[in-house]
Amino acid sequence: MTGATAKREAFGTRIGFLLAAAGSAVGLGNMWRFPYQASEGGGAAFVLVYIVLTLILGIPLMLAEFSIGRRGQLAPIGSLRKLGGRAWGPLGYLFVAVGVLILAYYSVIAGWTVRYGVEAVFTGFAASSADHFAAVASGGDAVAFHVAFMAATVLIVVGGVKGGIERASLLLMPMLFVLVVGLALWAATLEGAGAGYLVYLKPELDAVMNPDVWRAAASQAFFSLSLGMGGMLTFASYLKRDQNLPESATVVAFTDFGVAFVAGLLVFPVIYSFGLQDAVSASTIGALFIAVPSAFQAMGDWGRVVGLFFFVVLAVGAITSAISLLEVVTASVMDEFRWSRRKAALSTGTVITLLGIVPAMNTDALGLMDKIAGEFLLLAGGLVLALFAAWRLPDEVREELLAGASPFWQRQVPRILAVLRYVVPPIVAIVLLFSLRETVAAVAAFFSG
Ligand code: TRP
């Protein structure tokens with residue numbers, strides 16, 4: 001049996017765990033992907049579907065991860081093997097592989113945000129933003145900023161659970177909340193903000209009946225809540241039994257939704273008050289990085305100041321998410337090989353940095369990696385995890401959900417388990433099939449050029 005539990009690290013405070021989990025959840029997915037998806041998926045209708053899926057899929061699945069992690073006291077490979085038996089170990093390896101893949105391209109996008117932040121300070125934003133984005137999104141510059149971002153991520157993870165991850169979250173997350181709300185309030189003062197809100201939140205209610213909107217919202221929820229690859233599981237493996245898991249999952253999920261929603265209230269007024277809607281529909285990946293900087297550019301010096309804050313928010317959200325992705329991989333190597341944290345973080349960080357050169361050189365490869373790992377494999381992982389928690393380990397999961405929970409939350413436990421057994425697996429299975437079709441099409445399109 002690998003992975004002694006004797007000296008396992010732990011979070012120092014309950015709020016530290018909450019902010020670290022919220023830090024994992026809140027990231028580029030909220031500020032870059034959510035607003036775009038909402039506007040594409042029927043505006044208010046998408047938001048509605050998203051809230052429903054957060055409640056019936058997101059929170060129960062996060063609780064499955066929390067329970068397994070706290071019970072196992074090991075990273076995914078070790079916890080699954082310890083609680084489920086040898087045969088479950090390979091699922092842990094899949095999780096680690098997904099973490100490697102996601103972080104490799106996530107760090108490239110994060111590198112773009114750092115680059116734009118640096119531009120705000122030193123040169124100002126470029127006037128022809130689409131050309132500029134094309135020039136910096138892939139190639140040598142993209143590689144350089146990706147490497148720098150990975151180095152910062154490794155540095156925090158080397159600091160450990162308490163001295164690195166918890167400390168960074170306690171410092172960075174409050175700063176992110178204040179900045180994102182402040183920016184949204186500022187955006188409300190822009191001329192034409194109303195038109196932006198309307199596009200973001202137009203109530204196209206027939207979209208509620210569109211299965212593709214549900215697929216998009218479910219994938220978005222998985223990615224945004226960091227579910228389906230053992231990220232939340234790994235953080236929970238550093239918990240003691242006094243943490244109220246159901247309450248924590250609810251707080252994290254609503255914080256994540258709140259930031260995503262407010263990010264939309266920020267991005268759309270900015271884009272629409274400068275008439276940049278065409279840039280948004282032109283490119284999914286580039287939407288934010290083309291439209292938003294052109295708006296800041298058009299605002300002159302004031303735009304540089306606001307733009308700096310905007311890209312600081314993105315980079316801060318990205319790094320607290322990146323540390324959770326790296327922590328899954330690092331903790332797995334520590335548990336399995338009994339390597340020191342430093343050695344594990346440096347070596348896994350190096351592998352991921354090297355792999356990230358591919359998406360840093362080729363934006364199409366980045367998009368493909370997002371489809372395969374950031375969408376399809378997360379759904380697959382989440383499905384198996386729900387089945388594992390609710391059907392293989394129902395008693396253990398029940399005990400974990402009860403331990404540390406207040407009476408109110410203890411009364412919800414039977415309901416949570418029932419949802420995890422009967423509601424989550426069929427819905428995720430259906431969404432997974434839709435996603436499989438999309439993923440196969442994306443792979444085919446990529447290789448046919
Ligand atoms: N949730 C983060 C975001 O929205 C990304 C992320 C961090 C993630 N850890 C994860 C996604 C684990 C999937 C799995 O940007």
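What share of the 449 residues in the chain is buried? Buried residues (under 20% relative accessible area with a 1.4 Å probe, protein chains only) make up 60% of the chain.

This is a predicted model, in which local features need pLDDT of at least 70 and side-chain atom pairs count only at pLDDT 80 or more, while totals for chains, interfaces and linings use all residues. Residues are numbered from 1 along each chain as its sequence is written, and side-chain values use heavy atoms, with hydrogens and water left out.

**View 1. Overall fold of the chain.** The chain has 20 helices and zero strands; these are DSSP runs numbered from the N terminus (helices H or I, at least four residues; strands E, at least two). The radius of gyration is 21 Å, close to the 22 Å of the globule rule for 449 residues, so the chain is as compact as a globular protein of that length. That radius is taken over C-alpha atoms, and the rule is 2.2 Å times the number of residues to the power 0.38. The C-alpha trace spans about 60 × 50 × 45 Å along its principal axes. Of the contacts (heavy atoms within 4.5 Å) between residues at least 6 apart in sequence, 85% join residues at least 24 apart.

**View 2. Salt bridge between R8 and D335.** A salt bridge is a side-chain nitrogen of Lys or Arg within 4 Å of a carboxyl oxygen of Asp or Glu, and by this rule the count comes to 18. Here the N to O distance is 3.2 Å. R8 lies in the segment before α1 (14-25) and D335 in helix α15 (residues 301-337), 327 residues apart. R8 counts as buried because its relative accessibility is 17%; D335 counts as buried at 9%.

**View 3. Salt bridge between D370 and R33.** The two side chains meet at 3.8 Å, N to O. D370 belongs to helix α18 (residues 363-392) and R33 to helix α2 (residues 28-40), so the pair ties together parts 337 residues apart in sequence. Both D370 and R33 are buried.

View 4. E400 sits in helix α19 (residues 394-402) and R71 in helix α3 (residues 44-72), 329 residues apart. E400 is buried, at 2% relative accessible area, whereas R71 is partly exposed at 26%, a class that runs between the buried cut-off and exposed, over 50%. Salt bridges that share partners join R70, R71, R241, E399 and E400 into one network.
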